[in-house]
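Please read it alongside the sequence and the coordinates.

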Amino acid sequence: MWLQLLETAKRFKATTPDLVTLVFVTEDNKKDWIDEVHGKKVGPLPELIAEVADQCKLRFEVYSLSYFLQQTNADRETIAAVEESTLL
């Protein structure tokens with residue numbers, strides 16, 4: 001999946017030069033994606049950030065679905081419904 005994500009990002013960057021950030025929305029918080037400092041999740045692993053910057057010339061961020069919806073100003077009911085459905 002990672003290589004496919006990089007290839008897709010490169011294609012988007014080639015056709016949309018103003019693109020500056022690749023946002024990956026996932027509920028997968030495994031240690032091969034997310035960096036932790038003193039038990040607190042702080043963002044994507046530095047190696048992943050560096051690889052996206054090097055290969056795609058983009059910033060890289062990883063969001064949970066509920067955080068992404070909050071950033072897009074989704075209403076509280078939608079966010080609550082998504083959070084509930086991801087717990088199932």
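## Basis of the description

Contact here means heavy atoms within 4.5 Å, and in that sense L22, leaving out residues up to four places away in sequence, touches L5, A9, V52, L58, R59, F60 and E61.

The model is predicted, so local features need pLDDT of at least 70 and side-chain atom pairs count only at pLDDT 80 or more, whereas totals for chains, interfaces and linings use all residues. Residues are numbered from 1 along each chain as its sequence is written, and side-chain values use heavy atoms, without hydrogens and water.

## Helix α2

Helices (H or I, at least four residues) and strands (E, at least two) are DSSP runs numbered from the N terminus. In helix α2, residues 46–56, the buried residues are L48, V52 and C56, where buried means under 20% relative accessible area and exposed over 50%, with partly exposed in between (1.4 Å probe, protein chains only). Seen down the axis, these residues fall within an arc of 35 degrees, so they line one face of α2; the arc is that of the directions from the helix axis to the C-beta atoms.

The face turned away from the buried side of α2 carries the exposed residues E47 and D54, while the cover over its buried residues includes α1 (2–15), β1 (21–25) and β4 (59–63). Just after α2, K57 takes a positive phi of about 60 degrees.

## K13 in helix α1

K13 is found in helix α1 and, leaving aside neighbours within four places in sequence, is in contact with L19, C56, K57 and L58.
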